[in-house]
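Student: Could we go through this structure together? I would like to start with the side chains.

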Amino acid sequence: QVQLVESGGGLVQPGGSLRLSCAASGSIFSINAMGWYRQAPGKQRELVASIRGGWTDYADSVKGRFTISRDNPKNTMYLQMNSLKPEDTAVYYCKAGILSGSLWSNVYWGQGTQVTVSS
């Protein structure tokens, strides 16, 4: 059973920083692309950042403030969020394309972690 677990969310003041983690566990043969998404109340889920191999991409709204990275031996992805703004408030989800140990390819989502930026 493959699962993704996010952590690191919380309440932070505008201008502050948070680091989110997404750990994949279970029978994993390999992990392809990974990404962070967010969903604010009343809005659609949107892609924040993605990483595949050495290639990264960011939403315009977070460029220069957020950094996505991976630790492949630990099957873990990170999102360093700096200069946070109230509009960054949302539930953040990680997503990964994973080839399981039984060579079954699927897309997995984490359960989400709340990020609230407020004074």
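Student: How many aromatic pairs does the structure hold?
Tutor: The structure holds one aromatic pair. Rings of Phe, Tyr and Trp (its six-membered ring) count as a pair if their centres lie within 6.5 Å, and planes under 30 degrees apart are called stacked, over 60 edge-to-face and the rest tilted.

Student: And what are these values based on?
Tutor: This is a predicted model, in which local features need pLDDT of at least 70 and side-chain atom pairs count only at pLDDT 80 or more, while totals for chains, interfaces and linings use all residues. Residues are numbered from 1 along each chain as its sequence is written, and side-chain values use heavy atoms, with hydrogens and water left out.

Student: Over which ring does the charged end of Arg45 sit, 3.7 Å from the centre?
Tutor: That ring belongs to Tyr93. The charged end of Arg45 also sits over the ring of Trp109, 4.7 Å from its centre. A charge sits over a ring if NZ of Lys or CZ of Arg is within 6 Å of the ring centre and within 35 degrees of the ring normal.

Student: Changing topic: how many disulfides does a search of the whole structure find?
Tutor: The search finds one disulfide, a term for a pair of cysteine sulfur atoms within 2.5 Å. This disulfide joins Cys22 to Cys94, with an S to S distance of 2.1 Å. The link of Cys22 and Cys94 is right-handed, with 60° about the S-S bond. Since Cys22 lies in strand 3 and Cys94 in strand 9, the pair ties together parts that are 72 residues apart in sequence. Strands (E, at least two residues) and helices (H or I, at least four) are DSSP runs, numbered from the N terminus.

Student: Is Cys22 buried or exposed?
Tutor: Cys22 is buried, and so is Cys94. Buried means under 20% relative accessible area, exposed over 50%, and partly exposed in between (1.4 Å probe, protein chains only).

Student: How many residues has the largest nonpolar core?
Tutor: The largest nonpolar core has 31 residues, and those with the most contacts inside it are Trp36, Leu79, Met81 and Tyr92. Such a core is a set of buried Ala, Val, Leu, Ile, Met, Phe, Trp, Tyr and Cys residues joined through side-chain atoms within 4.5 Å.

Student: Which strand gives the most to this core?
Tutor: Strand 9 does, with five residues.

Student: Which strands pair with strand 9?
Tutor: Among them is strand 10 (residues 105–109), which pairs with strand 9 in the antiparallel sense over five bridges. Two strands pair if DSSP finds at least two bridges between them. In this pairing Gly97 stands opposite Val107 in strand 10. The two strands form a hairpin with four residues between them, and Leu103 in the turn has a positive phi of about 65°. Strand 9 and strand 11 also pair in the antiparallel sense, over three bridges, and Tyr92 stands opposite Thr113 in strand 11.

Student: In which sense do strand 2 and strand 11 pair?
Tutor: Strand 2 (residues 10–12) and strand 11 pair in the parallel sense over three bridges. The bridge partner of Val12 in strand 11 is Val117.
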